[in-house]
Amino acid sequence: MSNVRMNLVTAIVGGRGVGKTTYLLKLVNDLIESKNQKVLILDTIDHPSYRMVAKIEADMLSGWVKPAVYRLVTSDPDDIIRRVQLHVKNTLVVFEDASKWINKSMQKDVRKMIFDSKQRNNDIIFMFHGFMATPPELFRYVDAVTLFKTGDQPASRKRDMINYVEIEKAWKKVIASKNRYENVTIQIY
Amino acid sequence: MTYPEENFDLASELKKQTRIIQEDTVETFEESKTPEFDASDFDFSKISENSESSKIDEKEQEPTPEPVSLDQLRKEAAATIEFLGNLGSLLLPVMYRKELFSKEEYDRAKVLIDKYSGKSDSDETLSEPDKIIYRKMLDYKIQVDSIPFSDEEIRLCSEPLAEIMQKYKKRASPELRLLFAFGTVMVPRFFPFFMKS
């Protein structure tokens, strides 16, 4: 039996200052300690928490093969999504503050990137500040949701969540916790 | 294993192997330049509410969007106000008419306006009931002509709206100005709605 897993599309949802970036960096750190992996962090604001991550320019994506962790800072998200779709394979792609990248109605290129993630062997992580910042359609495509404390409720996206009951239950547990950085990951499929 | 699974270990799952896809390009980076990711200085355990990094995180996670010029916002605000004005131009005449006239009166008023508009002898030739209807029609037309916003009225409403659009962050002053300006412009348009004769 093959030990190969399916590629994952994950949404990390949490308000400001609840530890999403720290969680992600730990995830990346643990990942590259255990296996050689390409990781691409897409950022629009040159987030200070990622300053230990080397930068890559957009036109270098086509020539990137070897495992490494890079961040790409851009003010043209649509162009970068197209380049990722064209050139990036075998990579964990992280969208820091994904609401800067994805419209509420989800661009065709983003949808294509998600649908092609298996063919391109990409895992994708989208980070959002809350449920309302997350495009409703995305909840139908993600394989897992990591919930941190949010300022809004999952009920705002209820009709787009197949397992709304489980997500709401997990979210309530996170909200009730005294730990500011409490988080739970729910596998959707 | 049943799905959905709570407390799914994302980190462990990501560590598992996936099916590697052949890269159809050759690495163009010089090997010596491939950087090492070193998060050893990043303290994952000690992030606290008052720590420097979490303060930065709070400050930086929602950056100020790129500013749009106030001129552009004024244009957008003016377009919005004009739209609302046009909506009023569409609805208010109907509302006025229904309030002022019965159907028979309105039909009669149209005939009278066509026949006597601009003529000075209407007072002498019209019967008393017709005079009332005729005058009501004249008033109605004056009110309807004043419904569309003037350029000045558009500017009056769009300027504070542009300010609100520029910095929508609990600024009471521009909102109050908008409410006041809009009320100043709209309220007279409702007067005929309450006219009885």
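Guide: Helices (H or I, at least four residues) and strands (E, at least two) are DSSP runs, numbered from the N terminus. This is a predicted model, in which local features need pLDDT of at least 70, side-chain atom pairs count only at pLDDT 80 or more, and totals for chains, interfaces and linings use all residues. Residues are numbered from 1 along each chain as its sequence is written, chains are lettered from A and ligands numbered from 1 in the order in which they are written, and side-chain values use heavy atoms, with hydrogens and water left out.

Visitor: In which order do the elements of chain A run?

Guide: Starting at the N terminus, the order is β-α-β-β-β-α-β-α-β-β-α-β. That gives chain A four helices and eight strands.

Visitor: How many of the residues of chain A count as buried?

Guide: Buried means under 20% relative accessible area, with a 1.4 Å probe and protein chains only. In chain A, 62% of the 189 residues count as buried.

Visitor: Which residues lie on each face of β2(A)?

Guide: In a regular strand, side chains alternate between the two faces of the sheet. Here A:K38, A:L40 and A:L42 are on one side of β2(A), with A:V39, A:I41 and A:D43 on the other, and all are buried. The strand spans residues 38-43.

Visitor: Which strands pair with β2(A)?

Guide: Two strands pair if DSSP finds at least two bridges between them. Strand β5 (residues 91-95) is parallel to β2(A), with five bridges, and A:L42 faces A:F95 there. Strand β4 (residues 69-73) also runs parallel to β2(A), joined by five bridges; in β4(A), A:L72 stands opposite A:L42.

Terms used
Buried < 20%, exposed > 50% of the residue type's maximum accessible area, 1.4 Å probe, protein only.
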